[in-house]
Amino acid sequence: MIKKIAILTSGGDCPGMNVALKAIVNAAINNNIEPYVVFEGYKGLYDNNFEKITKEEVKFIDRKGGTVIYSARFPQFKELEIRKQAVNNLKAEGIEALICIGGDGTYMGAAKLTEMGIKTIALPGTIDNDISSTDYTIGFNTALETIVRAVDNLRDTSESHNRINLVEVMGHGCGDLAINAAIITGAEVLSTPERKLDVKQIIEKLKKSDSKRSKIVMISEYIYKDLNKVAQEIEKATGQETKATILGHIQRGGSANPIERLLTIRMANYAIKMLIKGKNGVAVNITDNKLNTKDILEIVKMKRPSKEELLKEYDKSI
Ligand code: F6P
């Protein structure tokens, strides 16, 4: 029976990380497991920066955005010597298992620790929704809500001023935020990694659009080098004033919405249940509203699911 576990959040933070932390701490203590928190993700494991945590300390953190135990990108964790130090630090404290909340980089770190004798369970924590084994990642729903509210605001002012607005959203190579936000907000044009448009194609679509005044062009990050330049080209070709808005890290902040909180609590409780059952080196998924686990090493090799259905949905909606 596992007596001590540690919890860490790693990679880009997301709404729901604190919800996950609170739920894991509660579920662990309810099962007579002592929970520890690691500060700043894998960097904290290496720095020996962890401490015991109580239910009282996490009581109100679920209402907060970000992650109260901090996060970090720590590429040095790929080095064996660094990982050995981290494992030694955990063992010295008698910690046998680790719950890692984050995206694919976090999953890789967890898989490596499993190979080195630490039991690991991962939870998908990223706004990008780019973990192939799960329908939803923690943080996606709230980030999508933030984007929709922002685009609705842009629509107001664009309509008043008869403008085109380019909106760039995050996703790290995955179009889920952009496609879903485009469907919800009725964006006139959409360009994502799965269906990239060049500037000429954007202009053609804008010229053909039924919208008389405002037009929103939803764009995933990393497609165009300079969004302001794209806006200038569009303005020149269409004769309509064009602005560019990069939503940026605003999308990562804020407290998790109720659906996100519910999903996260379910995932966290399931993670503890699976750990007690003896699962190791797996991540928690939700598919067709059912919780399940899959080997992390299998997950990181999985192909991204096709976005064709979702893109068709967008095509039908404009
Ligand atoms: O993975 C989450 C994410 O916000 C991506 O959408 C984005 O590409 C990246 O992180 C940004 O990373 P950073 O905060 O390190 O600039």
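Predicted model: local features only at pLDDT ≥ 70, side-chain atom pairs only at ≥ 80, totals over all residues.

User: Good to know. Which domains does the assignment give for the chain?

Analyst: Domain 1 is made of two stretches, 4-139 and 256-302, while domain 2 covers 140-252. Taken over C-alpha atoms, the centres of domain 1 and domain 2 are 34 Å apart.

User: How many residues of each are in contact?

Analyst: On the domain 1 side there are 18, and they are in contact with 13 residues of domain 2. The two domains bury about 1200 Å² between them, with carbon and sulfur atoms giving 48% of that area. In domain 1, the residues that lose the most area to domain 2 are Ile127, Asp128 and Asn257, which together make up 44% of what that side buries.

User: And how many salt bridges does the rule find across that interface?

Analyst: One salt bridge. There are also ten residue pairs in polar contact across the interface of domain 1 and domain 2. The side of domain 1 that touches domain 2 has seven nonpolar, six polar and five charged residues.

User: Changing topic: which residues touch the most other members in the largest nonpolar core?

Analyst: Those are Ile5, Ile24, Ile99, Leu123 and Met218, in a core of 59 residues. Domain 1 and domain 2 each supply at least three residues to this core. As background, nonpolar side chains in soluble globular proteins tend to be buried together.

User: What is Met218 in contact with, leaving aside its neighbours within four places in sequence?

Analyst: Its partners include Val151, Val167, Val169, Leu190 and several alanines, among them Ala178 and Ala181. Thr185 and Ser191 are also in contact with Met218. Apart from that core lies another one of 26 residues, including Tyr36, Leu98, Cys100 and Ile299.

User: Nice. Back to charges: what is the count of salt bridges by this rule?

Analyst: The count is 17. One of them links Arg252 and Asp13, whose side chains meet at 2.8 Å, N to O. Another pairs Lys307 with Asp176, with the closest N and O atoms 2.8 Å apart.

User: What about Glu40: which residue does it form a salt bridge with?

Analyst: Glu40 pairs with Lys43, and their closest N and O atoms are 3.8 Å apart.

Technical notes:
Residues numbered from 1 in each chain as written. Heavy atoms only, no water. Domains from an automatic or database assignment. Contact = heavy atoms within 4.5 Å. Buried area = accessible area lost by both parts, 1.4 Å probe. Salt bridge = Lys/Arg side-chain N within 4 Å of Asp/Glu carboxyl O. Polar contact = N/O pair within 3.5 Å; in protein donor to acceptor, adjacent residues only side chain to side chain. Nonpolar A, V, L, I, M, F, W, Y, C, P; charged D, E, K, R; others polar. Core = buried A, V, L, I, M, F, W, Y, C linked by side-chain atoms within 4.5 Å. Buried < 20%, exposed > 50% of the residue type's maximum accessible area, 1.4 Å probe, protein only.
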